[in-house]
Amino acid sequence: MSSLPSKAPLFIPAAIRIAAIVEHGERHATRRAPPATETITDPIPRQGEQASHGRSPHALILGPASLFRPKSRTARQTQPIRGGFRLPRNDRLCTTHRLRIASDTEALPFQNLHFSEREAMTWIIIGSYIAVHFLLYTLIFRHRAFFWSEWGILLFLLVPAAILVILAFASFLWQPSFESLALFVSAFAACGIYTLSFLECWLLSEGGYSLRILSELVRSGTATPAELEMQFIDMSARKKINRLESLLGMGMVKKDSDRFQLTRQGNAVAGVLTLIAAIAGFRAVR
Amino acid sequence: MGWLGFALAAFVLSVFAQGVILRVTKLRNGMIAFVLAGLPLGLALMAVLLPAYPANPAWAGILLYAFLCELWMFVFSSTFSSVSANLLLHLRSQPMRRDEVDRLYDNREMIRRRINWLSYIQAVIETGGRLMPTDRGRQLTALFDALRAFFGHR
């Protein structure tokens, strides 16, 4: 409160400055920096025009900046920076505005790496989702037996990801535009990357066959191949039976008299796998 | 919409290039082949999208490419290494009896293949007929154990 009286006189040039922008914004912008203003297409002139109707928020944005400017400077003397105004560093609104003007007007490479408010909000939501999801798993769900199973972890990963993607899609449908489409694709891809990475780590930690053998070797220090074979032969047989039973359970394989053969569903999956193997050009191993 | 086309085209090219690398060279590791193909294409995609498009669509294209690449690696590595997937592929060619399945997946042979793989990636070393873990193998096991502990696997 005590600083108010001392700052009060500064509001006078500020008011003058606002008035100058309100009345002559477009003209001043053109006069101030001929080379730069040639590239200024939209932002400053439009602000000036809007301000003349008393509705421009930018006039208010620029106003406080003049509080920090030397008294000898007038609006006309203000120097342009990349098509914007020279503004104090501590005026964040103005700095953001200046960057936007620069990016809109100059064709420098990588100069348009800024996000709009809506885009920033989308990224905050996606980042928050990932952080909260991971924290919930770390603090609560990994201690629950249900989430140790494949179905449990799949539900835990896919249900919230699907909800987020559906919301992003609904947002796209609400305001269909290329910008919304890009936001939807970003949300979908970011969720997909996180979900897949999580699932891969989970599957890896569940223990591949090779990793179990390696783990046993590290534990015992040394072993002959024959000793390892003896040790893991039961596990190998169990794994094989489990796979066959799980394929039977999923309805991909059926037992016809004494032979196992694919169902229609199994045939479709095997067809996709064959196609993948053919495209990638690798031979499957046993 | 160009960013979407660029991202999809880059992914298709990566998969195609992986197939070419695996067929033309002696390389047999599909993952390495895909990284060799996908990494330069990903960098090229960034070089195309970032200067030419606003941030939002440019990053959407890059993220989409990254997601598709990860999905592809997940799918083909599962196909490549999964016993279930392999069994499906064999059953597609012909129905099999139980003893034929057993012969196909001979237990000892399955273990031997894993040991050979561990030797190939230098996680174990054979000295005087005995297998010993290398430092790399110990690091892998430590990572594996940490993941098991985190995810609560028994």
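Mentor: In this predicted model, strand 4 (residues 259–262) of chain A and strand 1 (residues 96–97) of chain B run antiparallel and are joined by two bridges.

Trainee: Why are strand 4 of chain A and strand 1 of chain B said to pair?

Mentor: Pairing requires at least two bridges. In strand 1 of chain B, B:Met96 is the bridge partner of A:Phe260.

Trainee: What makes up the side of chain B that touches chain A?

Mentor: Contact links 69 residues of chain B with 75 residues of chain A. Helix 3 (residues 55–81) of chain B gives the most to that side of chain B, namely 17 residues. By class, the side divides into 44 nonpolar, 14 polar and 11 charged residues.

Trainee: How do you know that B:Leu64 is in contact with A:Val185 and A:Ala189?

Mentor: The criterion is C-beta atoms within 7 Å. B:Leu64 is in contact with A:Val185, A:Ala189 and B:Ala7, leaving aside neighbours within four places in sequence, so the C-beta atoms of each of these pairs lie within 7 Å.

Trainee: Why is the set that includes A:Ala187 and B:Leu63 called a nonpolar core?

Mentor: A nonpolar core consists of buried residues of listed types, Ala and Leu among them, joined through C-beta atoms within 7 Å. The largest such core has 31 residues, and those with the most contacts inside it are A:Ala187, B:Ala7, B:Leu63, B:Leu64 and B:Tyr65. Helix 3 of chain B provides the largest share, 10 residues.

Conventions
Residues numbered from 1 in each chain as written. Chains lettered and ligands numbered in written order. Predicted model: local features only at pLDDT ≥ 70, side-chain atom pairs only at ≥ 80, totals over all residues. Contact = placed C-beta atoms within 7 Å. Helix = DSSP H or I, 4+ residues; strand = E, 2+ residues; numbered from the N terminus. Nonpolar A, V, L, I, M, F, W, Y, C, P; charged D, E, K, R; others polar. Buried ≥ 20, exposed ≤ 12 C-beta atoms within 10 Å, placed from the backbone.
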